[in-house]
Amino acid sequence: MKLSIIGTGYVGLTTGACFAEVGHEVICVDNDTAKVQMLLDGGIPIYEPGLEELVQRNVAAGRLRFTTHIAEGVSQSGVVFIAVPTPPQPDGSVDLSFIERVAREIAGAMTSYKIVVDKSTVPVNTGDKVAETIRRYGKTGVECDVVSNPEFLREGFAVEDLMRPDRIVVGVRSPRPVATMKEIYAPFDAPVLVTDINSAELIKHASNSFLALKISYINAISVLCEATGANIQEVANGMGMDVRIGRRFLQAGLGFGGSCFPKDLSAFIKIAEQIGYDFRLLKEVQRINTEQMQRFLRKITDTLWVLKDKTIGVLGLAFKQNTDDVRMSPAIELCQRLQKEGARLRVHDPKAMDKARGVLQDVTFVDDMNTVAEGCDALVVATEWDDFKQLDLERARKALTHPILFDGRNLFDPEEMEQRGWIYKSVGR
Ligand code: UGA
(Lines give C-alpha, C1' and ligand atoms only; values in the text may rest on other atoms or scores of the structure.)
Protein backbone atom coordinates (compact mmCIF):
# COMPACT_ATOMS: atom_id res chain seq x y z
CA MET A 1 0.00 0.00 0.00
CA LYS A 2 1.06 3.59 -0.52
CA LEU A 3 1.47 5.42 2.78
CA SER A 4 2.81 8.77 3.85
CA ILE A 5 3.97 9.77 7.31
CA ILE A 6 4.12 13.40 8.37
CA GLY A 7 6.86 13.91 10.97
CA THR A 8 10.12 11.93 11.10
CA GLY A 9 10.77 11.85 14.85
CA TYR A 10 11.07 8.63 16.85
CA VAL A 11 7.55 7.51 16.02
CA GLY A 12 7.32 8.70 12.42
CA LEU A 13 10.72 7.54 11.20
CA THR A 14 10.60 4.13 12.88
CA THR A 15 7.01 3.54 11.83
CA GLY A 16 7.83 4.53 8.24
CA ALA A 17 10.84 2.23 8.13
CA CYS A 18 8.88 -0.71 9.58
CA PHE A 19 5.96 -0.18 7.19
CA ALA A 20 8.46 -0.21 4.31
CA GLU A 21 10.12 -3.33 5.70
CA VAL A 22 6.86 -5.28 5.43
CA GLY A 23 6.41 -4.16 1.83
CA HIS A 24 4.46 -0.90 1.88
CA GLU A 25 5.58 2.07 -0.21
CA VAL A 26 6.29 4.87 2.24
CA ILE A 27 6.98 8.59 1.90
CA CYS A 28 8.23 10.26 5.08
CA VAL A 29 7.63 14.00 5.24
CA ASP A 30 9.29 16.51 7.54
CA ASN A 31 9.53 20.30 7.39
CA ASP A 32 13.02 20.19 8.93
CA THR A 33 15.10 20.46 5.76
CA ALA A 34 18.36 19.61 7.54
CA LYS A 35 16.87 16.40 8.93
CA VAL A 36 15.43 15.38 5.56
CA GLN A 37 18.77 16.10 3.90
CA MET A 38 20.55 13.97 6.48
CA LEU A 39 18.12 11.10 5.78
CA LEU A 40 18.52 11.54 2.02
CA ASP A 41 22.30 11.35 2.54
CA GLY A 42 21.92 8.04 4.39
CA GLY A 43 22.26 9.45 7.93
CA ILE A 44 19.98 8.86 10.92
CA PRO A 45 19.12 11.71 13.31
CA ILE A 46 18.55 9.46 16.36
CA TYR A 47 20.19 6.40 17.87
CA GLU A 48 17.74 3.52 17.81
CA PRO A 49 19.00 -0.08 17.63
CA GLY A 50 18.40 -1.61 14.20
CA LEU A 51 16.90 1.52 12.67
CA GLU A 52 19.81 2.61 10.50
CA GLU A 53 20.04 -0.75 8.72
CA LEU A 54 16.27 -0.82 8.30
CA VAL A 55 16.19 2.65 6.75
CA GLN A 56 19.14 1.98 4.45
CA ARG A 57 17.74 -1.36 3.29
CA ASN A 58 14.32 0.06 2.46
CA VAL A 59 15.66 3.21 0.82
CA ALA A 60 17.83 0.99 -1.38
CA ALA A 61 14.81 -1.16 -2.22
CA GLY A 62 12.90 1.97 -3.26
CA ARG A 63 10.15 1.44 -0.67
CA LEU A 64 11.14 4.37 1.59
CA ARG A 65 11.49 7.98 0.47
CA PHE A 66 11.92 11.33 2.21
CA THR A 67 10.62 14.77 1.29
CA THR A 68 9.91 18.16 2.81
CA HIS A 69 6.68 18.57 0.82
CA ILE A 70 3.44 17.47 2.48
CA ALA A 71 1.60 17.78 -0.84
CA GLU A 72 3.93 15.19 -2.37
CA GLY A 73 3.21 12.73 0.43
CA VAL A 74 -0.53 13.34 0.40
CA SER A 75 -0.95 13.15 -3.38
CA GLN A 76 1.02 9.91 -3.68
CA SER A 77 -0.62 7.93 -0.86
CA GLY A 78 -4.07 6.73 0.15
CA VAL A 79 -3.35 6.82 3.85
CA VAL A 80 -1.64 9.75 5.59
CA PHE A 81 -0.24 9.23 9.09
CA ILE A 82 0.32 12.20 11.39
CA ALA A 83 3.32 11.67 13.70
CA VAL A 84 4.27 15.21 14.71
CA PRO A 85 5.26 16.32 18.24
CA THR A 86 2.62 17.21 20.81
CA PRO A 87 4.83 19.06 23.33
CA PRO A 88 3.71 20.14 26.78
CA GLN A 89 2.69 23.71 27.58
CA PRO A 90 3.70 25.38 30.86
CA ASP A 91 0.36 24.42 32.51
CA GLY A 92 0.79 20.73 31.58
CA SER A 93 -1.75 20.77 28.75
CA VAL A 94 -0.76 19.65 25.26
CA ASP A 95 0.33 22.03 22.51
CA LEU A 96 -1.71 20.83 19.53
CA SER A 97 -0.55 23.52 17.11
CA PHE A 98 1.62 21.12 15.05
CA ILE A 99 -1.31 18.71 14.65
CA GLU A 100 -3.65 21.54 13.67
CA ARG A 101 -1.22 22.96 11.12
CA VAL A 102 -0.57 19.57 9.57
CA ALA A 103 -4.34 18.89 9.40
CA ARG A 104 -4.78 22.17 7.48
CA GLU A 105 -1.90 21.35 5.16
CA ILE A 106 -3.23 17.86 4.46
CA ALA A 107 -6.67 19.36 3.76
CA GLY A 108 -5.15 21.82 1.33
CA ALA A 109 -3.28 19.09 -0.54
CA MET A 110 -6.12 16.55 -0.77
CA THR A 111 -7.75 16.07 -4.16
CA SER A 112 -9.25 12.61 -3.55
CA TYR A 113 -10.48 10.44 -0.65
CA LYS A 114 -7.84 9.87 2.05
CA ILE A 115 -7.62 8.14 5.36
CA VAL A 116 -5.87 10.47 7.81
CA VAL A 117 -4.43 8.56 10.77
CA ASP A 118 -3.30 10.21 13.96
CA LYS A 119 -0.32 8.44 15.57
CA SER A 120 0.80 11.29 17.81
CA THR A 121 -0.22 11.11 21.47
CA VAL A 122 -3.16 13.49 21.76
CA PRO A 123 -5.90 14.38 24.25
CA VAL A 124 -9.25 12.66 23.87
CA ASN A 125 -11.45 14.49 21.30
CA THR A 126 -8.51 15.53 19.10
CA GLY A 127 -9.62 13.21 16.26
CA ASP A 128 -12.92 15.04 16.04
CA LYS A 129 -11.07 18.35 15.86
CA VAL A 130 -8.76 17.04 13.13
CA ALA A 131 -11.79 15.84 11.12
CA GLU A 132 -13.48 19.20 11.56
CA THR A 133 -10.32 21.08 10.50
CA ILE A 134 -9.86 18.95 7.38
CA ARG A 135 -13.52 19.49 6.45
CA ARG A 136 -13.15 23.24 6.95
CA TYR A 137 -9.92 23.71 5.01
CA GLY A 138 -10.40 20.97 2.40
CA LYS A 139 -11.90 21.21 -1.03
CA THR A 140 -15.66 20.70 -1.23
CA GLY A 141 -16.60 17.17 -2.14
CA VAL A 142 -13.24 15.60 -1.24
CA GLU A 143 -13.93 13.01 1.45
CA CYS A 144 -11.75 11.81 4.27
CA ASP A 145 -11.87 9.50 7.28
CA VAL A 146 -9.93 10.34 10.40
CA VAL A 147 -8.55 7.40 12.40
CA SER A 148 -6.81 7.31 15.77
CA ASN A 149 -4.00 4.75 15.81
CA PRO A 150 -1.86 5.39 18.90
CA GLU A 151 1.72 4.17 19.06
CA PHE A 152 3.05 2.02 21.91
CA LEU A 153 6.74 1.79 21.00
CA ARG A 154 9.45 2.24 23.59
CA GLU A 155 12.55 4.21 22.66
CA GLY A 156 15.52 1.88 22.48
CA PHE A 157 13.23 -0.99 21.48
CA ALA A 158 11.21 0.87 18.87
CA VAL A 159 11.91 -1.43 15.92
CA GLU A 160 11.20 -4.53 17.99
CA ASP A 161 7.98 -3.04 19.42
CA LEU A 162 6.80 -2.01 15.96
CA MET A 163 7.59 -5.27 14.24
CA ARG A 164 6.08 -7.38 17.05
CA PRO A 165 3.37 -5.26 18.68
CA ASP A 166 1.14 -6.52 21.51
CA ARG A 167 -1.86 -4.89 19.89
CA ILE A 168 -2.89 -2.44 17.21
CA VAL A 169 -5.54 0.04 18.29
CA VAL A 170 -7.68 1.54 15.53
CA GLY A 171 -10.18 4.19 16.56
CA VAL A 172 -12.76 5.05 13.91
CA ARG A 173 -15.94 7.00 13.48
CA SER A 174 -17.33 4.82 10.66
CA PRO A 175 -16.47 1.29 9.45
CA ARG A 176 -15.18 2.60 6.09
CA PRO A 177 -11.41 2.84 6.93
CA VAL A 178 -11.27 -0.38 9.00
CA ALA A 179 -10.48 -2.83 6.18
CA THR A 180 -7.62 -0.63 4.91
CA MET A 181 -6.18 -0.24 8.39
CA LYS A 182 -6.31 -4.00 8.91
CA GLU A 183 -4.59 -4.52 5.56
CA ILE A 184 -1.78 -2.13 6.52
CA TYR A 185 -1.18 -4.03 9.75
CA ALA A 186 -1.81 -7.57 8.43
CA PRO A 187 1.94 -8.36 8.02
CA PHE A 188 2.57 -7.57 11.70
CA ASP A 189 0.52 -10.48 12.99
CA ALA A 190 -0.95 -8.65 16.00
CA PRO A 191 -4.51 -8.41 17.30
CA VAL A 192 -6.31 -5.34 15.94
CA LEU A 193 -8.68 -3.70 18.40
CA VAL A 194 -11.24 -1.49 16.67
CA THR A 195 -12.81 1.17 18.88
CA ASP A 196 -14.35 4.61 18.60
CA ILE A 197 -11.88 7.47 18.23
CA ASN A 198 -12.20 8.81 21.76
CA SER A 199 -11.56 5.38 23.30
CA ALA A 200 -8.45 4.89 21.15
CA GLU A 201 -7.10 8.26 22.26
CA LEU A 202 -7.84 7.44 25.89
CA ILE A 203 -6.18 4.01 25.61
CA LYS A 204 -2.85 5.72 24.90
CA HIS A 205 -2.92 8.16 27.82
CA ALA A 206 -4.41 5.55 30.15
CA SER A 207 -1.69 3.01 29.23
CA ASN A 208 1.24 5.36 29.72
CA SER A 209 -0.19 6.68 32.98
CA PHE A 210 -0.71 3.13 34.23
CA LEU A 211 2.89 2.18 33.43
CA ALA A 212 4.13 5.31 35.23
CA LEU A 213 1.87 4.37 38.14
CA LYS A 214 3.47 0.91 38.27
CA ILE A 215 6.92 2.50 38.51
CA SER A 216 5.87 4.93 41.25
CA TYR A 217 4.17 2.08 43.09
CA ILE A 218 7.33 -0.01 43.20
CA ASN A 219 9.36 3.06 44.14
CA ALA A 220 6.99 3.69 47.05
CA ILE A 221 7.42 0.06 48.12
CA SER A 222 11.19 0.58 47.91
CA VAL A 223 10.86 3.17 50.68
CA LEU A 224 9.18 0.56 52.87
CA CYS A 225 11.90 -1.95 51.98
CA GLU A 226 14.62 0.45 53.06
CA ALA A 227 12.86 1.13 56.35
CA THR A 228 12.36 -2.56 57.14
CA GLY A 229 15.44 -4.24 55.69
CA ALA A 230 13.43 -6.01 52.98
CA ASN A 231 14.72 -6.30 49.41
CA ILE A 232 12.76 -4.54 46.66
CA GLN A 233 14.10 -6.90 44.03
CA GLU A 234 12.64 -9.89 45.84
CA VAL A 235 9.37 -8.11 46.54
CA ALA A 236 9.05 -7.18 42.84
CA ASN A 237 9.89 -10.75 41.79
CA GLY A 238 7.26 -12.12 44.13
CA MET A 239 4.64 -9.64 42.97
CA GLY A 240 5.53 -10.13 39.33
CA MET A 241 4.95 -13.88 39.47
CA ASP A 242 1.26 -13.11 39.73
CA VAL A 243 0.26 -12.92 36.07
CA ARG A 244 -2.33 -10.30 36.95
CA ILE A 245 0.52 -8.00 38.02
CA GLY A 246 3.50 -9.04 35.86
CA ARG A 247 7.19 -8.32 36.57
CA ARG A 248 7.76 -5.68 33.90
CA PHE A 249 7.85 -2.02 34.92
CA LEU A 250 8.46 -2.96 38.54
CA GLN A 251 12.10 -1.86 38.46
CA ALA A 252 12.71 0.51 41.37
CA GLY A 253 15.25 3.26 40.88
CA LEU A 254 15.68 6.95 40.29
CA GLY A 255 12.19 7.26 38.83
CA PHE A 256 10.84 7.61 35.32
CA GLY A 257 11.72 10.28 32.77
CA GLY A 258 11.83 10.68 29.01
CA SER A 259 9.73 12.52 26.51
CA CYS A 260 6.56 10.49 27.20
CA PHE A 261 5.66 9.58 30.78
CA PRO A 262 6.22 12.97 32.48
CA LYS A 263 4.47 14.83 29.64
CA ASP A 264 1.63 12.35 29.25
CA LEU A 265 0.92 12.24 32.98
CA SER A 266 0.66 16.04 33.16
CA ALA A 267 -1.51 16.06 30.05
CA PHE A 268 -3.82 13.34 31.37
CA ILE A 269 -4.23 15.14 34.70
CA LYS A 270 -5.07 18.33 32.78
CA ILE A 271 -7.50 16.54 30.44
CA ALA A 272 -9.27 15.05 33.47
CA GLU A 273 -9.38 18.48 35.13
CA GLN A 274 -10.98 20.00 32.04
CA ILE A 275 -13.61 17.27 32.10
CA GLY A 276 -14.23 17.99 35.79
CA TYR A 277 -12.33 15.09 37.39
CA ASP A 278 -9.52 15.63 39.87
CA PHE A 279 -7.11 12.78 39.02
CA ARG A 280 -5.42 12.74 42.43
CA LEU A 281 -4.10 9.22 41.91
CA LEU A 282 -1.89 10.44 39.05
CA LYS A 283 -0.81 13.54 40.96
CA GLU A 284 0.48 11.15 43.62
CA VAL A 285 2.34 9.19 40.92
CA GLN A 286 4.10 12.45 39.98
CA ARG A 287 4.84 13.30 43.61
CA ILE A 288 6.38 9.90 44.32
CA ASN A 289 8.55 10.27 41.21
CA THR A 290 9.82 13.68 42.33
CA GLU A 291 10.46 12.42 45.86
CA GLN A 292 12.36 9.40 44.58
CA MET A 293 15.02 11.69 43.13
CA GLN A 294 15.16 13.75 46.34
CA ARG A 295 15.55 10.60 48.44
CA PHE A 296 18.42 9.42 46.26
CA LEU A 297 20.16 12.77 46.50
CA ARG A 298 19.76 12.65 50.26
CA LYS A 299 21.53 9.27 50.26
CA ILE A 300 24.47 10.92 48.50
CA THR A 301 24.62 13.91 50.83
CA ASP A 302 24.10 11.75 53.94
CA THR A 303 27.16 9.73 52.95
CA LEU A 304 29.44 12.39 51.42
CA TRP A 305 28.10 15.23 53.61
CA VAL A 306 29.28 18.42 51.86
CA LEU A 307 29.44 18.07 48.06
CA LYS A 308 31.20 21.35 47.40
CA ASP A 309 34.58 20.66 45.76
CA LYS A 310 33.98 16.90 45.70
CA THR A 311 34.22 15.09 42.38
CA ILE A 312 31.51 12.59 41.49
CA GLY A 313 31.61 10.19 38.56
CA VAL A 314 28.21 9.69 36.92
CA LEU A 315 27.53 6.63 34.77
CA GLY A 316 24.55 7.23 32.50
CA LEU A 317 23.01 10.35 31.02
CA ALA A 318 20.22 8.99 28.78
CA PHE A 319 16.74 8.74 30.30
CA LYS A 320 17.06 4.95 30.00
CA GLN A 321 19.29 2.41 28.30
CA ASN A 322 19.54 1.79 24.54
CA THR A 323 18.87 5.39 23.59
CA ASP A 324 20.76 8.66 23.17
CA ASP A 325 17.70 10.61 24.29
CA VAL A 326 18.30 12.92 27.27
CA ARG A 327 14.93 14.67 27.28
CA MET A 328 13.56 14.81 30.85
CA SER A 329 16.29 12.38 31.83
CA PRO A 330 16.48 11.65 35.57
CA ALA A 331 20.24 11.23 35.06
CA ILE A 332 20.59 14.77 33.71
CA GLU A 333 18.45 16.15 36.53
CA LEU A 334 20.63 14.32 39.03
CA CYS A 335 23.78 15.81 37.47
CA GLN A 336 22.34 19.30 37.59
CA ARG A 337 21.32 18.93 41.20
CA LEU A 338 24.73 17.58 42.20
CA GLN A 339 26.30 20.56 40.46
CA LYS A 340 24.00 22.91 42.36
CA GLU A 341 25.39 21.42 45.57
CA GLY A 342 28.86 22.34 44.33
CA ALA A 343 30.04 18.94 43.09
CA ARG A 344 32.37 18.58 40.09
CA LEU A 345 31.28 15.88 37.67
CA ARG A 346 32.96 13.35 35.43
CA VAL A 347 30.25 11.76 33.28
CA HIS A 348 29.88 8.96 30.76
CA ASP A 349 27.11 7.46 28.68
CA PRO A 350 27.50 4.80 25.96
CA LYS A 351 25.33 6.72 23.47
CA ALA A 352 24.03 9.99 24.91
CA MET A 353 27.23 12.04 25.33
CA ASP A 354 26.66 14.19 22.24
CA LYS A 355 23.10 15.06 23.17
CA ALA A 356 24.10 15.62 26.82
CA ARG A 357 26.71 18.19 25.71
CA GLY A 358 23.78 20.40 24.73
CA VAL A 359 22.26 20.38 28.22
CA LEU A 360 25.12 19.92 30.70
CA GLN A 361 27.70 22.62 31.29
CA ASP A 362 31.02 22.47 33.13
CA VAL A 363 31.26 18.69 33.35
CA THR A 364 34.05 16.44 32.11
CA PHE A 365 32.82 13.99 29.48
CA VAL A 366 34.76 10.74 29.73
CA ASP A 367 34.83 8.36 26.76
CA ASP A 368 35.73 5.18 28.62
CA MET A 369 33.45 4.11 31.47
CA ASN A 370 36.40 2.46 33.18
CA THR A 371 38.24 5.76 33.63
CA VAL A 372 35.30 7.78 34.97
CA ALA A 373 36.22 6.98 38.59
CA GLU A 374 39.71 8.51 38.31
CA GLY A 375 40.09 11.23 40.93
CA CYS A 376 36.46 10.91 42.06
CA ASP A 377 35.12 10.78 45.60
CA ALA A 378 32.23 8.54 44.61
CA LEU A 379 30.52 6.92 41.64
CA VAL A 380 26.83 7.14 40.75
CA VAL A 381 24.87 4.88 38.37
CA ALA A 382 22.07 6.98 36.92
CA THR A 383 20.89 5.01 33.86
CA GLU A 384 20.14 1.28 33.62
CA TRP A 385 22.58 0.52 30.78
CA ASP A 386 23.52 -3.19 30.79
CA ASP A 387 27.01 -2.07 29.71
CA PHE A 388 27.66 -0.77 33.23
CA LYS A 389 27.39 -4.30 34.61
CA GLN A 390 30.72 -4.89 32.81
CA LEU A 391 32.42 -2.02 34.69
CA ASP A 392 35.89 -2.98 35.91
CA LEU A 393 34.94 -2.68 39.57
CA GLU A 394 38.41 -3.41 40.88
CA ARG A 395 39.95 -0.68 38.75
CA ALA A 396 37.19 1.76 39.76
CA ARG A 397 37.61 0.91 43.44
CA LYS A 398 41.34 1.66 43.27
CA ALA A 399 40.81 4.87 41.27
CA LEU A 400 38.32 6.38 43.71
CA THR A 401 39.52 8.27 46.79
CA HIS A 402 36.96 6.16 48.70
CA PRO A 403 35.17 3.14 47.21
CA ILE A 404 31.62 4.54 47.32
CA LEU A 405 28.98 3.65 44.73
CA PHE A 406 25.44 5.03 44.65
CA ASP A 407 23.46 2.77 42.36
CA GLY A 408 20.27 4.53 41.24
CA ARG A 409 19.29 1.60 39.02
CA ASN A 410 20.11 -1.44 41.19
CA LEU A 411 22.55 -2.90 38.67
CA PHE A 412 24.87 -4.57 41.18
CA ASP A 413 24.44 -7.09 43.96
CA PRO A 414 24.70 -5.42 47.40
CA GLU A 415 26.30 -8.40 49.16
CA GLU A 416 28.89 -8.90 46.45
CA MET A 417 29.72 -5.20 46.44
CA GLU A 418 30.25 -5.16 50.18
CA GLN A 419 32.42 -8.27 49.99
CA ARG A 420 34.54 -6.48 47.39
CA GLY A 421 35.06 -3.64 49.85
CA TRP A 422 32.59 -1.11 48.52
CA ILE A 423 30.34 1.26 50.42
CA TYR A 424 27.36 0.51 48.23
CA LYS A 425 23.96 2.26 48.36
CA SER A 426 21.15 1.29 46.02
CA VAL A 427 17.37 1.69 46.00
CA GLY A 428 15.09 -0.37 48.25
CA ARG A 429 17.72 -2.89 49.23
C1 UGA B 1 6.92 4.81 26.95
C2 UGA B 1 5.99 3.58 26.92
O3 UGA B 1 6.64 2.47 27.57
C4 UGA B 1 5.65 3.18 25.49
O5 UGA B 1 4.72 2.11 25.48
C6 UGA B 1 5.04 4.41 24.79
O7 UGA B 1 4.71 4.12 23.43
C8 UGA B 1 6.02 5.57 24.84
O9 UGA B 1 6.30 5.87 26.21
C10 UGA B 1 5.40 6.76 24.15
O11 UGA B 1 4.37 7.24 24.63
O12 UGA B 1 5.86 7.14 23.08
P13 UGA B 1 9.54 5.23 26.63
O14 UGA B 1 9.27 6.60 27.16
O15 UGA B 1 10.32 5.09 25.38
O16 UGA B 1 8.16 4.45 26.36
O17 UGA B 1 10.33 4.43 27.75
P18 UGA B 1 10.01 3.35 28.88
O19 UGA B 1 10.74 2.12 28.56
O20 UGA B 1 8.57 3.23 29.11
O21 UGA B 1 10.71 4.02 30.15
C22 UGA B 1 10.27 5.28 30.66
C23 UGA B 1 11.01 5.63 31.94
O24 UGA B 1 10.62 4.76 32.99
C25 UGA B 1 12.54 5.53 31.86
O26 UGA B 1 13.10 6.66 32.50
C27 UGA B 1 12.87 4.25 32.61
O28 UGA B 1 14.13 4.29 33.21
C29 UGA B 1 11.77 4.26 33.66
N30 UGA B 1 11.43 2.90 34.17
C31 UGA B 1 10.88 1.99 33.34
C32 UGA B 1 11.64 2.60 35.51
O33 UGA B 1 12.14 3.44 36.31
N34 UGA B 1 11.28 1.36 35.97
C35 UGA B 1 10.74 0.42 35.16
O36 UGA B 1 10.43 -0.69 35.67
C37 UGA B 1 10.53 0.74 33.82
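User: How many residue pairs are in polar contact between domain 1 and domain 2?

Analyst: The count is 7 residue pairs, with both residues at pLDDT 80 or more. A polar contact is a pair of N or O atoms within 3.5 Å; within protein, one atom must be able to donate a hydrogen and the other to accept it, and residues adjacent in sequence count only if both atoms are side-chain atoms. This is a predicted model, in which local features need pLDDT of at least 70 and side-chain atom pairs count only at pLDDT 80 or more, while totals for chains, interfaces and linings use all residues. Residues are numbered from 1 along each chain as its sequence is written, and side-chain values use heavy atoms, with hydrogens and water left out.

User: Where is the chain divided into domain 1 and domain 2?

Analyst: Domain 1 covers 2–190 and domain 2 covers 211–425; these bounds come from an automatic or database domain assignment. The C-alpha centres of domain 1 and domain 2 are 33 Å apart. The contact (heavy atoms within 4.5 Å) takes 19 residues from domain 1 and 18 residues from domain 2.

User: What area do domain 1 and domain 2 bury between them?

Analyst: The buried area is about 1500 Å², with 55% of it on carbon and sulfur atoms. Buried area is the accessible area (1.4 Å probe) that two parts lose on being put together, summed over both. Of the area that domain 1 buries against domain 2, 37% is supplied by Tyr47, Arg154 and Glu155, more than any other three residues.

User: Why is the pair of glutamate 155 and arginine 327 called a salt bridge?

Analyst: A salt bridge is a side-chain nitrogen of Lys or Arg within 4 Å of a carboxyl oxygen of Asp or Glu. The N to O distance for glutamate 155 and arginine 327 is 3.5 Å, so the pair meets the rule. Between domain 1 and domain 2 the count is 2 salt bridges, and by this rule the count comes to 32 salt bridges.

User: What do aspartate 128 and arginine 173 tie together?

Analyst: Aspartate 128 lies in helix α6 (residues 126–137) and arginine 173 in the loop between β7 (168–172) and α8 (178–185), so the pair ties together parts that are 45 residues apart in sequence. The N to O distance in this salt bridge is 3.4 Å. Helices (H or I, at least four residues) and strands (E, at least two) are DSSP runs, numbered from the N terminus.

User: What makes aspartate 128 partly exposed?

Analyst: Buried means under 20% relative accessible area, exposed over 50%, and partly exposed in between (1.4 Å probe, protein chains only). Aspartate 128 has 25%, so it is partly exposed. Arginine 173 has 57%, so it is exposed.

User: How many residues apart are glutamate 394 and lysine 398 in helix α15?

Analyst: They are 4 residues apart in α15 (residues 393–399), which means a separation of about one helical turn. Glutamate 394 is partly exposed at 30%, and lysine 398 is exposed at 64%.

User: Which residues have the most contacts inside the largest nonpolar core?

Analyst: They are Ile312, Leu317, Leu338 and Leu379, in a core of 60 residues. A second, separate core has 38 residues, including Ile5, Ala20, Val26 and Tyr185. A nonpolar core is a set of buried Ala, Val, Leu, Ile, Met, Phe, Trp, Tyr and Cys residues joined through side-chain atoms within 4.5 Å.

User: Which residues of helix α13 are buried?

Analyst: In α13 (residues 330–340) they are Pro330, Ala331, Ile332, Leu334, Cys335 and Leu338. These buried residues pack against α12 (280–304), β9 (311–315), β10 (344–348), α14 (353–357) and β12 (378–381). Glycine 342, with a positive phi near 100°, follows α13.

User: Why is asparagine 208 called buried?

Analyst: Its relative accessible area is 9%, so asparagine 208 falls under the buried limit. Asparagine 208 lies in helix α9 (residues 197–228). Leaving aside neighbours within four places in sequence, asparagine 208 is in contact with Cys260, Phe261 and Asp264. A polar contact of 2.7 Å joins the side chains of asparagine 208 and aspartate 264.

User: Is serine 148 buried or exposed?

Analyst: Serine 148 has 3% relative accessibility, so it counts as buried. Serine 148 is found in strand β6 (residues 144–148).
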